[in-house]
Amino acid sequence: MAVAFTKEESFETASETLLPDRPISPHPNLVTEAGLKALESQLQQARAAYAVASTIEDINERRRQAAGPLRDLRYLAERIRTAQPIPAPASIDTVAFGSTVTFSRDDGRVQTYRIVGEDEADPKTGSISFVSPVGRLLMGKAVGDVASVGDQELEIVAIS
């Protein structure tokens with residue numbers, strides 16, 4: 001029987017199921033307490049997904065199903081290992097990591113965001129990363145301070 005008709009493992013099949021690592025940010029891995037708990041929860045979910053995938057009998061399908069969880073396991077383990085938990089800010093005098101800041105824009109919009117770590121940032125739910133352009137701009141500012149971003153100015157209205 002020709003090799004073409006056997007079900008041997010091949011380098012091509014294996015390489016199809018190896019996903020590249022998720023990029024790791026060069027910035028310090030600052031996290032809030034809630035952010036660290038979220039990373040740990042995501043790690044548990046990735047472990048569970050990998051365990052389920054590991055029970056699949058067909059080796060090629062097992063590899064395909066395990067590729068995503070395995071990549072997530074590597075990423076999350078590294079992010080937890082390098083996490084630097086930062087306590088909630090002791091003062092609301094200036095914007096700091098963990099602060100919630102409200103600012104107004106030139107066009108009249110008022111926005112409120114919490115400054116958090118990269119992995120927990122989600123602007124749709126009201127949080128931005130401390131290394132995002134707006135996050136970096138707001139850090140260290142006080143109520144009443146004005147900061148320019150592009151052609152707009154942001155005035156800090158409240159810090160909590």
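**Reading burial, contacts and cores in a predicted model**

Q: How should I read burial, and does T102 count as buried or exposed?
A: T102 is buried, because its relative accessible area is 16% and buried means under 20%, exposed over 50% and partly exposed in between, with a 1.4 Å probe and protein chains only. The structure is a predicted model, in which local features need pLDDT of at least 70 and side-chain atom pairs count only at pLDDT 80 or more, while totals for chains, interfaces and linings use all residues. Residues are numbered from 1 along each chain as its sequence is written, and side-chain values use heavy atoms, with hydrogens and water left out.

Q: Where is T102 found, and which residues does T102 touch?
A: T102 is found in strand β3, where strands (E, at least two residues) and helices (H or I, at least four) are DSSP runs numbered from the N terminus. Contact means heavy atoms within 4.5 Å, and when residues up to four places away in sequence are not counted, T102 touches V110, Q111 and T112 as well as E155, I156, V157 and A158.

Q: How many helices and strands are there in the chain, and what pattern does the chain follow?
A: The chain has four helices and seven strands, which follow the pattern α-β-α-α-β-β-β-β-α-β-β when read along the sequence. Of its 160 residues, 32% count as buried, and among contacts between residues at least 6 apart in sequence, 56% join residues at least 24 apart.

Q: How is a nonpolar core read, and which residues have the most contacts inside the largest one?
A: In soluble globular proteins, nonpolar side chains tend to be buried together. A nonpolar core is a set of buried Ala, Val, Leu, Ile, Met, Phe, Trp, Tyr and Cys residues joined through side-chain atoms within 4.5 Å. The largest here has 17 residues, and V95, V101 and L138 are those with the most contacts inside it. The elements that give two or more residues to this core are β3, β4 (110-116), α4 and β7 (152-159). Apart from it lies another core, of nine residues, which include V31, L36, L43 and L73.

Q: Which residues does V95 touch?
A: Leaving out residues up to four places away in sequence, V95 touches V101, I115, L138, M139, G140, K141, I156 and I159.

Q: Why does S99 count as buried, and where is its place?
A: S99 is buried because its relative accessible area is 1%, and its place is in the loop between β2 and β3. With neighbours within four places in sequence set aside, S99 is in contact with P89, T94, Y113, R114, I115, I159 and S160.

Q: How is a helix with a buried side read, and which residues of α2 are buried?
A: The span is a first check: the 21 residues of α2 should span 30 Å at 1.5 Å a residue, and its end C-alpha atoms are 31 Å apart, which agrees; the expected span is 1.5 Å times one less than the number of residues. The buried residues of α2 are G35, L36, L39, L43, A46 and A53. They cover an arc of only 100° around the axis, so they lie on the same side of α2, the arc being that of the directions from the helix axis to the C-beta atoms. What covers these buried residues includes β1 (30-31), α3 (59-81) and β2, whereas the face turned away from the buried side carries the exposed residues E33, K37, Q45 and V52.

Q: How are aromatic pairs read, and how many does a search of the whole structure find?
A: A pair of aromatic rings is described by the distance of the centres and the angle of the planes. Rings of Phe, Tyr and Trp (its six-membered ring) pair if their centres lie within 6.5 Å, with planes under 30 degrees apart counted as stacked, over 60 as edge-to-face and the rest as tilted. The search finds two aromatic pairs. F97 and F130 form an edge-to-face pair, at 5.6 Å centre to centre and 80° between the planes. This pair links distant parts of the chain, 33 residues apart, with F97 in the loop between β2 (84-85) and β3 (100-105) and F130 in the loop between β5 (127-129) and α4 (133-138). Both F97 and F130 are buried.
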